[in-house]
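This briefing is meant to be read with the sequence and the model side by side. Please take the topics in order, and find each residue in the structure as it is named.

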Amino acid sequence: MIQNTSKLKVYDNSGVSIVKCFKNLKFQNNNKLNKIIKVSVQELKPHRKTLIKKGQVYNALVLKTQTALPRFNGQKITFESNGCILINNINFKNKKNRNKLVLVGSTVFGLVLKEFRLYSIKLNINALNIL
């Protein structure tokens with residue numbers, strides 16, 4: 001379950017390896033996938049030249065959780081670690097760009113679930129070509 005002070009791995013090429021969650025935007029106990037959380041950068045990947053520094057605050061989209069995710073056919077999916085991808089800050093006041101997420105990195109590493117792809121089509125995410 002992802003809650004405050006939980007650490008997550010980053011699965012994109014932004015140059016960040018570990019982030020720390022400090023606020024869930026939708027719910028207090030946010031244990032579901034495809035939710036947006038506020039994170040701060042804890043560790044950077046070595047020998048990377050990025051503009052990201054330790055302690056910066058970003059939004060993140062949760063990709064992997066350790067809690068069991070049930071599917072419609074009865075299967076349950078779990079991962080060994082919690083993971084996310086970094087996105088730029090969202091301006092909720094602007095109605096045109098409210099539902100569009102812009103990734104900090106350009107590619108996503110690892111597995112992407114089918115539910116995440118369906119969810120991203122509904123939100124019209126710009127990063128659908130990357131996934």
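This is a predicted model: local features need pLDDT of at least 70, side-chain atom pairs count only at pLDDT 80 or more; totals for chains, interfaces and linings use all residues.

Leaving aside neighbours within four places in sequence, serine 14 is in contact with Thr50, Ile52, Leu86, Val104 and Gly105.

**Serine 14 and its loop**

- Serine 14 belongs to the loop that lies between E1 and E2, and its relative accessible area is 5%.
- Serine 14 counts as buried because that value of 5% falls below the limit for burial, which is under 20% relative accessible area.
- Through its side chain, serine 14 also makes a polar contact with the side chain of aspartate 12, at 3.0 Å.
- The hairpin formed by E1 and E2 has five residues between its strands, and in this hairpin glycine 15 takes a positive phi near 100 degrees.

**The chain as a whole**

- The secondary structure of the chain comes to one helix and seven strands, and their order from the N terminus on is β-β-β-β-β-β-β-α.
- The chain has 131 residues, of which 40% count as buried.

**The barrel and its strand pairs**

- Five strands form a closed barrel, which runs E1-E2-E3-E4-E7 and has mixed pairing; from one strand to the next, the twist averages 55 degrees.
- Strand E1, made of residues 7-10, pairs with strand E2, made of residues 16-24, in the antiparallel sense and over three bridges.
- Within this pair, leucine 8 has valine 19 in E2 as its bridge partner, while lysine 9 stands opposite isoleucine 18 in E2.
- E2 also pairs with strand E3, which covers residues 36-44, again in the antiparallel sense, and this second pairing is made over seven bridges.

**Lysine 20 in strand E2**

- Lysine 20 lies in strand E2 and is partly exposed, with a relative accessible area of 28%.
- Although lysine 20 and lysine 7 are 13 residues apart in sequence, they are 4.4 Å apart in space, counted from C-alpha to C-alpha.
- When residues up to four places away in sequence are not counted, lysine 20 touches Thr5, Ser6, Lys7, Lys38, Val39, Ser40 and Gln42.

**Threonine 5 and its backbone angle**

- Most residues other than glycine have a negative phi.
- Threonine 5, by contrast, has a positive phi of about 65 degrees although it is not a glycine.
- Threonine 5 is found in the segment before E1, and with a relative accessibility of 58% it counts as exposed.

**Rings and charges**

- Which residue lies over the face of tyrosine 11? Lysine 64 takes this place, at 4.1 Å from the ring centre.
- How many aromatic pairs does the structure hold? The number of aromatic pairs in the structure is zero.

Note on methods. Residues are numbered from 1 along each chain as its sequence is written. Side-chain values use heavy atoms; hydrogens and water are left out. Rings of Phe, Tyr and Trp (its six-membered ring) pair if their centres lie within 6.5 Å; planes under 30 degrees apart count as stacked, over 60 as edge-to-face and the rest as tilted. A charge sits over a ring if NZ of Lys or CZ of Arg is within 6 Å of the ring centre and within 35 degrees of the ring normal. Two strands pair if DSSP finds at least two bridges between them. Helices (H or I, at least four residues) and strands (E, at least two) are DSSP runs, numbered from the N terminus. Axes are lines fitted to C-alpha atoms, for helices over the stretch in contact, and angles run from 0 to 180 degrees between N-to-C directions. Buried means under 20% relative accessible area, exposed over 50%, partly exposed in between (1.4 Å probe, protein chains only). A polar contact is a pair of N or O atoms within 3.5 Å; within protein, one must be able to donate a hydrogen and the other to accept it, and residues adjacent in sequence count only if both atoms are side-chain atoms. Contact means heavy atoms within 4.5 Å.
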